[in-house]
Amino acid sequence: MVASEPKGHGQHAGMWVFPDASTTSRDLSEKTRSMPQRFTMALMVTGLLFIVGIVGFAARAADDGFDEIAPWGYYMAVFSFVFMISSGAPLVVVAFRFTKSHWRRPISRIGELFSIVCLLNLLMFIPLMFLLPDLANPDGAVEGQLELRRTIWFEGPIGAPHAWDLLGVAFLAITSLAILWTSAMPDMAESRGTATGFRGWVYKRLSSGWYGTPRQWDVQKAGLALLGAFYFMTLIFVHFEISSDYAQSLIPGWKDSIFPVIYSVTALQMSLGAILVVLFIMRRWGGYEGYAGKSVFWSASKVLLGVTLLWIYHMFAFFITFWYGRLEVEQNIIQYLITDTYGIVFLVNALFSFLAPFALLIWNPVRRSDWGPALAGVLVIIGGLAFCIRIFVGAANAAPGHEIYDLFFEHVPAPVYPDIWDVFMVVGGIGAAIFVYLVATKMLPLLSLWEIKEGTLYQKWGRFMKGEYLILGKPE
Amino acid sequence: MAKLPILGLFETADNAADAGDALKAAGVASTDYDFLTDAPYPEGAFGERHESHRLYIFPFVGALIGLTVGIMLTSMTQMAYPLVQGGKPILSLPPMAVVTYESTMLTAIAFTIIGIIFESRLPAFKQGLYDTRITEGYIGVLVNVDEDQLTQTQTLLTQAGAIDVVRKS
């Protein structure tokens with residue numbers, strides 16, 4: 001069932017849609033329940049990849065154990081890849097909700113559903129906690145080495161870094177799930193009487209007591225604002241922890257205040273890209289074209305272009321500081337991560353994270369299409385994967401054994417290519433994330449029902465002078 | 001006498017607002033009726049009572065507790081094991097800030113979640129009066145009245161334009 005015909009004329013044709021609020025709940029509930037053949041196939045394929053990933057993980061653990069971090073570089077890379085997308089996606093939603101933009105309504109739930117993938121992040125992080133070398137040098141004070149390796153945990157407080165990192169990742173997952181629950185509660189309440197099986201059981205328990213009174217809407221609005229603000233503050237901090245503990249502090253002498261920012265910017269770029277890819281798939285093959293016009297892509301593509309420019313700005317700032325500094329350790333880090341050892345991966349990273357999406361998104365007709373921003377989304381995701389491989393495989397293999405306590409990064413090691421188990425873990429990790437997301441889409445509607453309906457109160461297609469235009473209302 | 005719920009269903013927001021006015025004119029206390037919607041309407045759209053919540057207090061209390069715990073944890077650890085690192089003072093703020101920030105955030109978030117549950121009056125294990133037509137855009141006006149006023153309230157809601165009035169069976 002198509003909720004509405006797309007509106008707009010000239011270059012804005014198909015930009016806006018106006019769903020019928022009276023049929024939205026029934027239609028979206030049916031879509032959530034249905035299991036089209038294509039969806040089932042995707043579920044099976046990603047499920048198989050999930051198993052492949054588990055096999056790769058088990059084989060790596062059997063071969064190398066958990067004593068050294070070096071063999072787990074590709075595992076770190078795929079953890080970071082999934083973590084960056086799934087942790088950034090709720091923030092993208094929170095940010096657009098803060099700005100009270102109407103066009104973001106169709107992407108709210110798409111982003112929030114990544115919270116379920118955060119649970120996978122948490123599971124994947126547990127082995128990493130054991131792999132992180134101790135802060136204190138087991139040999140004590142040795143010439144040419146540090147007694148306590150360089151870290152943000154300057155005086156090594158209780159539990160640092162392992163427990164604090166785990167706590168950070170766990171609370172990020174809890175906060176994003178709380179955002180999802182707060183946002184989805186009205187939608188679950190709508191279906192708690194009709195949903196059956198496990199879905200019905202979950203809806204009844206998680207939306208018990210919600211009736212949509214003015215007080216409940218008021219508290220929900222304030223709750224989403226508060227949780228969103230805290231999510232933002234926690235996310236940036238946890239990105240800082242992960243990029244510092246699992247990248248910078250594993251390469252002796254790497255001190256860089258710009259890198260955590262690059263990490264966060266790359267995460268937000270990939271998250272927005274992933275959201276646009278999901279929206280494109282929903283519109284093209286899922287029957288959601290009546291709920292999301294091209295205006296969503298048009299508006300989001302400008303933000304994506306901005307983040308893409310931010311990425312190259314920070315990357316260049318990182319490079320020029322080290323290049324101009326010319327200290328031996330800085331030269332070695334540039335050679336290791338950018339020009340020599342992982343030079344090819346860096347080129348792929350720069351091509352997909354900046355050059356290709358920039359060349360695509362500068363064109364107005366491309367930004368106004370649905371395929372253009374979605375294609376840019378695919379590109380930045382590939383670029384992000386190259387970023388994670390370059391940084392985390394590089395960091396894990398930069399200073400094997402006790403070299404991690406060295407004062408400086410004195411030698412530029414050779415690249416580490418993936419073996420079969422690494423390939424299994426990378427492919428499996430990505431497959432597992434998609435599998436979990438697909439399962440989540442069958443638990444909750446892919447569109448936020450109440451936000452779509454709220455949108456219909458404030459948007460309509462109406463006549464002004466000789467033409468017809470989008471008319472927007474502002475409740476505040 | 002125990003109060004019983006009665007739910008009027010309205011097709012338009014204007015009719016629901018009229019019902020609110022009629023209830024007020026009939027002397028029904030503003031705390032005894034509520035508007036049930038499937039989407040948030042602008043504040044005051046139905047002429048409903050203003051109800052303030054105290055959600056903003058919860059994260060402040062949580063943050064204060066987390067901040068205190070963080071400061072105590074870091075300072076007491078440093079004082080218990082006074083090791084000079086890099087020539088910095090035993091109690092130097094930058095390294096303490098990392099742990100303190102994290103503990104502050106974590107407790108603020110936990111208290112916010114508790115606040116949402118408390119201020120939304122959740123969970124309610126006893127199912128209240130509801131009608132699934134509200135999910136199709138109808139607006140429910142839920143009134144709690146004495147048993148002997150049920151018929152009078154039903155008439156009032158119907159006169160205001162209710163397409164259906166539901167009572168608890």
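## Chain B: contacts and overall form

Among contacts in chain B between residues at least 6 apart in sequence, 83% join residues at least 24 apart; two residues are in contact if their C-beta atoms, placed from the backbone, lie within 7 Å. The model is predicted: local features need pLDDT of at least 70, side-chain atom pairs count only at pLDDT 80 or more, and totals for chains, interfaces and linings use all residues. Residues are numbered from 1 along each chain as its sequence is written, while chains are lettered from A and ligands numbered from 1 in the order in which they are written.

Chain B holds four helices and four strands, where helices (H or I, at least four residues) and strands (E, at least two) are DSSP runs numbered from the N terminus. Read from the N terminus, the order of these elements is β-α-β-α-α-β-α-β. Chain B is more spread out than a compact globule, because its radius of gyration is 26 Å, well over the 15 Å that the globule rule gives for 169 residues. The radius is taken over C-alpha atoms, and the rule is 2.2 Å times the number of residues to the power 0.38. Along the principal axes, the C-alpha atoms of chain B fill a box of roughly 80 × 35 × 25 Å. Of its 169 residues, 39% count as buried, that is, with 20 or more other C-beta atoms within 10 Å of their own, the C-beta atoms being placed from the backbone.

## The sheet of chain B

The strands of chain B include an open sheet of four, in the order β2-β3-β1-β4, with antiparallel pairing; two strands pair if DSSP finds at least two bridges between them. At the edges lie β2 (33–36) and β4 (164–167) of chain B, each of which pairs on one side only. From one strand to the next, the twist averages 25°.

Strand β2(B) is joined by four bridges to the antiparallel strand β3 (residues 139–146) of chain B, and B:Asp34 stands opposite B:Leu142 in β3(B). Helix α1 (residues 13–25) of chain B packs on the sheet, where it touches β1 (3–10), β2 and β3 of chain B. The direction of this helix makes about 15° with that of β3(B); angles run from 0 to 180 degrees between N-to-C directions, and axes are lines fitted to C-alpha atoms, for helices over the stretch in contact.

## Chain A

Chain A has 16 helices and two strands. The C-alpha trace of chain A spans about 80 × 50 × 40 Å along its principal axes, and buried residues make up 51% of the chain.

Helix α5 (residues 114–131) of chain A and α6(A) have axes that come within 9 Å and cross at roughly 170°. That makes α5(A) roughly antiparallel to α6(A), the term for angles over 145 degrees. Residues that meet include A:Phe125 and A:Met129 in α5(A) and A:Val169 and A:Leu172 in α6(A).

## Where the chains meet

The contact between the chains takes 45 residues from chain A and 45 residues from chain B. On the side of chain A that touches chain B, two or more residues come from each of α1 (21–33), α6 (162–191), α8 (214–245) and α16 (449–458) of chain A. The largest share, 15 residues, belongs to α8(A).

Methods. Buried ≥ 20, exposed ≤ 12 C-beta atoms within 10 Å, placed from the backbone. Parallel < 35°, antiparallel > 145°, perpendicular 65-115°, else oblique.
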